[in-house]
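I opened a notebook page for a structure that is new to me. These are my entries, in the order in which I looked things up.

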Amino acid sequence: MSFLKVEGVSFAYRKEQALNQVSLELKQGDFAAFIGPNGSGKSTLLKLILGYLKPTRGRIMLKGQPVEDIMDWSRVGYISQQVKDFNQSFPATVREIVGSNLYSKMGMIKFLNQELEKKICRSLELVEMDGFINRKIGNLSSGQQQRIFIARLMVNDPELILLDEPLAGIDIRAQDDFYRIIANINQELNKTVIMVSHDIQVISKHANKIVCFEDGRAYPHCSQEFSYDDYIHELRRTNLRIIPRHDH
Amino acid sequence: MVTAVEFLNYTFMQRALLAGNMVGVIAPLVGVFLSLRRLSLIGHTLSHVALAGVALGLFLGFFPVYTAIIVSIIAALAIEKLRRDYRDYAELSLAIILAAGLGLATILISASRQSAGIHSYLFGSISLVGTRDIYMILPLALVIIAVILKYYYGFFYLAFNENEAWLAGGPVRALNIVFMVIVSITVALAIRVVGTLLIASLITIPVAAGIQIAWSFKSTIWLSLFFSLMAVNLGLIFSFYYNLAPGGTIIMAGVVILLLVLTGKKVWLLFQQKI
Ligand SMILES: Nc1ncnc2c1ncn2[C@@H]1O[C@H](COP(=O)(O)OP(=O)(O)OP(=O)(O)O)[C@@H](O)[C@H]1O
Ligand SMILES: [Mg+2]
């Protein structure tokens, strides 16, 4: 049985068609890269998988269950493209940020107890940020913040992880660290990961499935058959709106 | 004989202190979330709407705090709906509701024969805090504290990044409604203590001082609470000895605390640089 199955999904924001008959299948433990020009529908598909948007046609199943029926939100971890749009002077520590994702499990006056505290620490170790538990979130670099947000979603032990351009504005070394952490989560913990990135060359080396988006359509490839040079060539030839910036 | 704690001998002062401290606890609790969500203007708007509620009570001959609570809850839910449906016009909708509240209040006050009483609702009045106020403030304040404890992390998530909270599938709509209801109740309860004109300041100033020196979210809450209770008690005592409106003395105490915290922080930072 496939882990995630997107069947003939179409979606329109009011009049604008954002996705058109998209089908896609992922196995548990896959690392899928969503690539494609701006406005091609990558974020929209993530929001549909999340159940935040409802498809106008088609359906999306997670382990055989329609995503709109999923009540336990901690099963899917998500980092949005806008994750960095928070008040940078917000007076919260890393512990509080990571712990905030546990709130559905916390009852009256039952604040962070030992067990939850342990979960937070384990999550921070996973992203190699365990010395930062008492630091204020706004005082961290954006690469560090991004890792804290990964820890925040991992604290719930989700089955599926959706990352929307987590590497925008992050330097090469921090990107390497990030991919190492994601690879660990993906391979050691056997979590299914979907990540959107415009750095096609790099992500196509790490992912085992590449899904190319193009004007609301999605074309899945496995990483062996995907060639970065051919893709760029094709993009330029078809004169698409946005072309990745690295010229080689 | 005049002793330092002479004010404790008066029943009206005991009631004022009890009411003041309850309000002094809930105001910064909702204030922390309101300030961090940059929604302080909602407190300001609701306080003007609450004045309309008071005026309505005076006009109809009901206990004004009841009508203030009902009217501000209705206005708060309207604000929440407008805020959701017309995101780009959020500020405009606040301005409209504020204007409507104040306009309505003015009309009702001028039409009412008991308009003399309005003074105490504008600036607060310790001698007017009655047993009826206590019986209302006490349970409602406890309910508000319980709600905040229960939804602490939900409110925290909302304050940190509301958009993300939506996308993360949290019960954002329900949390927002619960939040708006407790804000409006807090505003209405604070009327007796600081008066409608100064409620927004009671909600924001101790929080502003707390945020300055906080090292975490929880410490922001405790510090705001501490500064708020300090301002309320100092203000009430001052108001008693010099026969002044408590609204003014409480808020001035808060302003002095905020200034002290700001200077203290500056001195501390300079001191650290020297070393
Ligand atoms: N909230 C919205 N309302 C209306 N249209 C939208 C909305 N969000 C996205 N769209 C439209 O849907 C299409 C797909 O957008 P989407 O955000 O999924 O693209 P994307 O592939 O994630 O792009 P990017 O690389 O820029 O993030 C675009 O044409 C966009 O204009
Ligand atoms: Mg996008």
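Which elements of chain A each supply at least two residues of the shell around ligand 1? I looked this up before anything else, keeping in mind that the model is predicted. The elements are β2, residues 16-26, and α1, residues 42-49.

**Entry: the shell around ligand 1**

I found 14 residues surrounding ligand 1. N38(A), G39(A), K42(A), S43(A) and T44(A) are the closest of them. Helix α1(A) gives the largest share of the shell, three residues. I then sorted the shell by residue class: eight residues are polar, three are nonpolar and three are charged.

**Entry: polar atoms at ligand 1**

I looked up side chains that place a polar atom by an oxygen atom of ligand 1. For S43(A) the distance is 2.6 Å. For N38(A) I noted 2.8 Å to an oxygen atom of the ligand. A polar side-chain atom of E165(A) lies 3.4 Å from an oxygen atom of ligand 1. I also looked up how much of the ligand is covered: ligand 1 taken alone exposes 630 Å², and the protein buries 67% of that.

**Entry: the magnesium ion**

Which residues coordinate the magnesium ion, ligand 2? They are S43(A), through OG, and Q81(A), through OE1, at 1.9 to 2.3 Å. S43(A) belongs to helix α1 of chain A, while Q81(A) sits in the loop between β6 (76-79) and α2 (94-100), so the pair ties together parts that are 38 residues apart in sequence.

Is S43(A) buried or exposed? Its relative accessibility is 17%, so I put S43(A) down as buried, the cut-off being under 20%. Q81(A) has 37% relative accessibility and therefore counts as partly exposed. I noted again that S43(A) also has a polar side-chain atom 2.6 Å from an oxygen atom of ligand 1.

**Entry: positive phi angles**

R14(A) is one of them, with a phi of about 45°. I located R14(A) in the loop between β1 (4-13) and β2 of chain A. R14(A) has 84% relative accessibility, so it counts as exposed.

In chain B, R38(B) has a positive phi of about 55° and is not a glycine either. The loop between α1 (11-36) and α2 (40-60) of chain B holds R38(B). At 62% relative accessibility, R38(B) counts as exposed.

**Entry: chain B as a whole**

How many helices and strands does chain B have? I counted twelve helices and zero strands. The radius of gyration of chain B is 19 Å, close to the 19 Å that the globule rule gives for 275 residues, so chain B is as compact as a globular protein of that length. The C-alpha trace of chain B spans about 50 × 50 × 30 Å along its principal axes. I also noted that 54% of the 275 residues of chain B count as buried.

Conventions: Residues numbered from 1 in each chain as written. Chains lettered and ligands numbered in written order. Predicted model: local features only at pLDDT ≥ 70, side-chain atom pairs only at ≥ 80, totals over all residues. Heavy atoms only, no water. Near = heavy atom within 4 Å. Polar contact = N/O pair within 3.5 Å; in protein donor to acceptor, adjacent residues only side chain to side chain. Areas by Shrake-Rupley, 256 points an atom, 1.4 Å probe, with all protein chains shown as cover. Helix = DSSP H or I, 4+ residues; strand = E, 2+ residues; numbered from the N terminus. Nonpolar A, V, L, I, M, F, W, Y, C, P; charged D, E, K, R; others polar. Donors = N, O, S within 2.8 Å, 3.2 Å for Na, K, Ca; no water. Buried < 20%, exposed > 50% of the residue type's maximum accessible area, 1.4 Å probe, protein only. Rg over C-alpha atoms; globule rule 2.2 N^0.38 Å.
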